[in-house]
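Hi,

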Amino acid sequence: MQPRQFVRAASVVGSVIGAGALVGAAGATGVAAYFARKVLTPEPPSDDSVVRAYNDLTITLDANDETTSPGRYGLWVGGYETHARIGDVLSVEGEGSRAEVTRELLGVDYGELAVGPCRINGSYFVGPPAHSLDVDLTEVTYRGPLGEMPAWRVDVPDSTRWAVLVHGRGALRSECLRALATLQGCGINALIINYRNDVGAPAGSDGLYNLGLTEWEDVEAAMQYVLDEGATDVQLFGWSMGGATVLQAVDRSPLAAHVSRLVLDAPVVNWRHVLAFHAGLNKLPPVVSRIGQDLMRGPLHRNVIGLAEPLDIARADWVTRADELTKPILLIHSLDDDFVPFAPSADLAAARPDLVQLEQFEVARHCREWNVDSERWEKVVRAFCAPAGVQQGAAH
């Protein structure tokens, strides 16, 4: 199975360019505009496998790189109608399109399993009406610049330490639930947020992802919420694009003075590198990524891309800006990440060993380090986040 891509449809266009059918600035600019719009456009996730059979204890799926990965995962069936939790691989049989994998079926949170299309994901836990995560989630809203934003709140008695958790591009806030038991064990309250253009949240004026370059304002609003609730210490967690977003928040917001540390899981620390990587996956020449970035930040950002305001991707290059970082960072990333390449994380850690602690995983793909080795993930997060001299809670 090919790595997941921002722009699957562009591969056809890229193949044409690669064959030399389109040449010249005009052709490259048109493809670059298409590429940029696809990167920035929110789209529902697509199914990547099929449920072939199931019983009370096991489930059999089409075998691919996603469904045969080690660890514990969530499984969506029927859009968002059914969520199940799956465990270890029990067997893989067949070859090619006939290959199938049988895994442990650990539970169905809601809905009913059925044979048919499905998608595996890192959200092993989901929110209400599911009860598989033994944590009380309170639905709240916080006031963002675009209106009321939905969030989950988890309180720890007698604690004034808070974490704000930010999911990645195209994900749900349930992506962040994996961290909750660890945070509770550390005595840290949590606010798991939605941001603009999420389902159920206000849309931005252009309805497009801004790669954290405007979404940071929603994180700032969430920080204000927890400060109003009495927070004396704020930690920021970000997965994938959520990592890019919290980095912008600590760079731009005056509330960053209250932030003590960041936990970043498979974060985008250099958007230029990520966009070039995805252009390559789609067989697009490097010039397409460069032109696309120029269009995002240039005078044609509105007419060609549809952006309400220009996006300067260079501002999200923290490898180049490493000397501007001021907060301790726990950076968790897998060497085989097929969505946000590992190399910029390694470069950032090398540039700022005084601030950045890099925890390298090997086979976790994108944002699934907890899924592959939850014990290790929870151990390093507890060690980084727990207050000095306080007994750390056990892993969940």
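**The open sheet**

An open sheet is built from 8 strands in the order S7-S8-S10-S9-S11-S12-S13-S14, with mixed pairing. S7 (138-144) and S14 are the edge strands, each with a single partner, so one side of each has no neighbour in the sheet. On average, neighbouring strands here are turned by 20° against each other, direction ignored. Strands and helices are DSSP runs numbered from the N terminus, with at least two residues (E) for a strand and at least four (H or I) for a helix. Two strands count as paired if DSSP finds at least two bridges between them.

Before you go further: this is a predicted model, so local features need pLDDT of at least 70 and side-chain atom pairs count only at pLDDT 80 or more, while totals for chains, interfaces and linings use all residues. Residues are numbered from 1 along each chain as its sequence is written, and side-chain values use heavy atoms, with hydrogens and water left out.

**Strand S11**

How many of the residues of S11 (residues 233-239) are buried? It's 7 of the 7, so the strand is largely enclosed by the rest of the structure. (Buried means under 20% relative accessible area, exposed over 50%, and partly exposed in between, with a 1.4 Å probe and protein chains only.) In a regular strand the side chains alternate between the two faces of the sheet. In S11, Asp233, Gln235, Phe237 and Trp239 point one way and Val234, Leu236 and Gly238 the other, and all are buried.

S11 pairs in the parallel sense with S9 (residues 161-166) over 6 bridges, and valine 166 has glycine 238 as its bridge partner. Another 6 bridges join S11 to S12 (residues 259-265), again running parallel, with valine 234 opposite valine 259.

S11, H5 (residues 241-252) and S12 make a right-handed β-α-β unit; right-handed means that, with the strands pointing away from you, the path from the first strand over the helix to the second runs clockwise. H5 lies across S9, S11, S12 and S13 (329-334), at about 145° to S11. The axes of H4 (residues 216-228) and H5 come within 8 Å and cross at roughly 70°. That makes H4 roughly perpendicular to H5 (65 to 115 degrees). Axes are lines fitted to C-alpha atoms, for helices over the stretch in contact, and angles run from 0 to 180 degrees between N-to-C directions. Trp216, Val219 and Met223 of H4 meet Thr245, Val246, Gln248, Ala249 and Arg252 of H5, where contact means heavy atoms within 4.5 Å.

**The barrel**

There is also a barrel, closed by 6 strands in the order S1-S2-S5-S4-S3-S6 with antiparallel pairing. Its twist averages 45° from one strand to the next.

**Glutamine 357**

Leaving aside neighbours within four places in sequence, glutamine 357 is in contact with Ile329, Leu330, Leu331 and Phe384.

Cheers

Methods: Angles under 35 degrees count as roughly parallel, over 145 as roughly antiparallel, 65 to 115 as roughly perpendicular and the rest as oblique.
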